[in-house]
Amino acid sequence: MKMRAYYLIFTFSVLFLFSVKQATSTRVVIGAVMDKMSRAGMETNVALQMAIDDISRQTNQSFVLKMINSRGEPARAALAANRLINTEKVQVILGPHTWQEASRVIEISNQGQTPTFSLADSNPTWALERWPFLVQASTSNQDAQMKAVAAIVQSWDWRRVTVIYEEDTDSTFGRFMPNLLKSLQDVGAEIRHLVPLPPYATALSEQLMRLKRDQCRVFLVHTSLKLATQVFHEAEQMRMMEKDYVWITTNTITDLLYSVNLTTIFSMQGVLGVKRHFPEGSLKFVEFKKRFRLKFSLAYPEAENNEPGISAVEAYDTMWGVATTFAEMNTQIKNRSQLFLEKVSRIDFIGITDRVHAIGRKTESSHIFGVVNVIGKSYRELGIWKEKSGFSKQTSHRAIYNSSMKDLGQVFWPGESMHTPKGWSIPSITDSMKIGVPAASLFKQFVNIEYDPQTDNLSCKGYAIDIFNEVTARLPYYVSYEFIPFNGTYDSLVEQIYLKKFDAVVGDVAALADRCKHADFTHTYTASGVAMIVPVQSKMPHKAWLFLKPFTKAMWLLILAITVYNGFVIWLIERKHSPRLRGTATDQAGIMIWSSFTTLFSLNGGKLHSNLSRIAIVVWLFVALVITQSYTASLTSMLTVKKLEPTVSDIETLKTNNAKIGYGKGAFVARYLKEVLGFKSDNLKNFSSPQEFAHALKTGDIEAGFLNGSYKLFLAKYCKSFVLAGPTYKVGGFGFAFPKGSPMLNDVNKALLEVFESGKLRELEDKMIGAERRDNNVCSDNLRS
């Protein structure tokens, strides 16, 4: 029970403060300012009385405890401190459990140079510098506790946390925010909402209703026990203590869970709590616990629970530390008074205090927190979390630590659920997600809205709808949703997510940088790019040299070489048998070349003398036949088939000619054409259907048109009339839009990749485009990916 760290703090601090002032005194007056109506105050009252009795039996020192009830009011606490110092002449004050009271007490005690041991849950760091007579007696470490909370959040892959905290004038509960924010960021999580509540909240239902409408289902409660009791009672009434909800409490609540009544416990079923840790299984604590129960029951017979908590332990240890210091001082002064005074006079008090505070902050117990789970009539100890080590089921030197609390065993979640909540949910105020879809999509094959007279409802079909259905079918949880048509631009459609009118947007909506201001997009499911589409025109080749076009230059040279080679072979073989093939070199060269072209006509099988010549003639005849047929077919095709090519090959020609160009109505392409490609606004025309678009191209109303991810579908329908021209300009393809930071986004992206990899996306695309094709062989040339 007597922690070594406390001995160091109290011994050094009190020793140097009062060695001279109290050198000849054997009667020590200790003051205490507590709220005797609070559970912590009641435990402290009993624990201090127990400590005084134990000290009196074991030492010859006389200790007197002067305790004043502050009733939880800072003004009363300040008056009590003034009375203790000036009237009761106390040598040390044990401070209240709340910082609002403690700060007022410390201000008074610092003026009277009377040390105050603060039992408040957390003291701001600046207080130790402002008031040198302040000593932190509590083992609470807010920085470490927020890391413990973040470790719990990380263990279950939650990404967002809504924080409910108590708002007060001294920001007692709000001071934890920087530590929590950093700790959550370190594990890849963030704070979704901050919900400050006044100490006496009267509109809890309104606050909780706003949270219920939000998707985040992980709540961290950092308030006093009194306010937390109201929060959980109200949350239970609003059905927010059911499946999919997660509630985490800090030590300000969890440290006192053992003292609350069953009504409160039943309203907190499934709550995870972080509490300050102390060795409850030690023999000294077991003995202390037995005695404490008896004395507490006698002092407060109306209390439902007589178990000691961390407040009782800290108060008992603090009193022992103070008493031991005074006892040692008294002995030293009697034996070596002069020598001791000389030593004290050489010591810089402020420096010693700083070192004492540093020792106090490094106590091991302040870096260990228990993790509990409320279940049944009480709570279950799951294990502990230790800074720089992680979670473990025990604290011994043989303990095995893990970064995840999953190894601590099964957690009982709200709603009597044994399945881990995913940390978010579709707002329970509505029955399903509201999915916005464009009411006037340029291509009905992507999104087609039809009225069903039988059900008197609108139905949505199309390629984008089919993909979204495939994605939701692959999510690890069920999602209910309904499609709601939206009349307006695509930019306005995406903005409705930001305005909380829609929970998502599905359709031929391009993922663009500007739209990412209002929503987050999934992976795109169409080719990204803006393509130029122009009419085709026929072009006949020049007939002057048309007879040479069937073969390339290389082919003509090859035919010439084979012909000459064949004539040479015949001449070489037949010259021994035919005198006319002999003569001068010039004559023989001429005869050989002439024979190359006349062999088939001037010589026949009867006039050839060698079988080798006849074999060569047969091979050449076969080759000549193949060449002749290929040449005839190619030349015929050139004379009868028109060559199709785009009317315009690049955008520079369009801009030079000040040409009219078209784009799909409501699309971002207009902005891209003006701001990026440099077309004039007066030359842009929009169209609301592919039929109007095609008609304008055919009649010359526009010379070119620009489409984004839907150009494949357009060419599939009008493949004989239009072609792609110029480069494809890279922009975002079509994707699904969700609220920024939506917890669904990762799951949807994963499911979308599964649709890609399974071949289902290709199947749906072929089904859509195949229905529009008229001639797959012709169309395939115009469909560039």
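Which residues in α15 meet Val748, Ala751, Leu752 and Val755 in α24?

What you see is a predicted model, where local features need pLDDT of at least 70, side-chain atom pairs count only at pLDDT 80 or more, and totals for chains, interfaces and linings use all residues. Residues are numbered from 1 along each chain as its sequence is written, and side-chain values use heavy atoms, leaving out hydrogens and water.

The protein has 26 helices and 26 strands, which are DSSP runs numbered from the N terminus (helices H or I, at least four residues; strands E, at least two). Of its 785 residues, 51% count as buried, meaning under 20% relative accessible area with a 1.4 Å probe, protein chains only; exposed is over 50%, and partly exposed lies in between.

Now, back to our helices. The answer is Ile467, Glu470 and Val471 in α15, with contact meaning heavy atoms within 4.5 Å. The residues of this contact divide into 6 nonpolar, no polar and 1 charged; Ala, Val, Leu, Ile, Met, Phe, Trp, Tyr, Cys and Pro count as nonpolar, Asp, Glu, Lys and Arg as charged, and the others, Gly among them, as polar.

The axes of α15 (residues 463–473) and α24 (residues 744–757) come within 8 Å and cross at roughly 110 degrees. That makes α15 roughly perpendicular to α24, a label for angles of 65 to 115 degrees. Axes here are lines fitted to C-alpha atoms over the stretch in contact, with angles from 0 to 180 degrees between N-to-C directions.

Ser459 is partly exposed, at 24% relative accessible area.

Technical notes:
Parallel < 35°, antiparallel > 145°, perpendicular 65-115°, else oblique.
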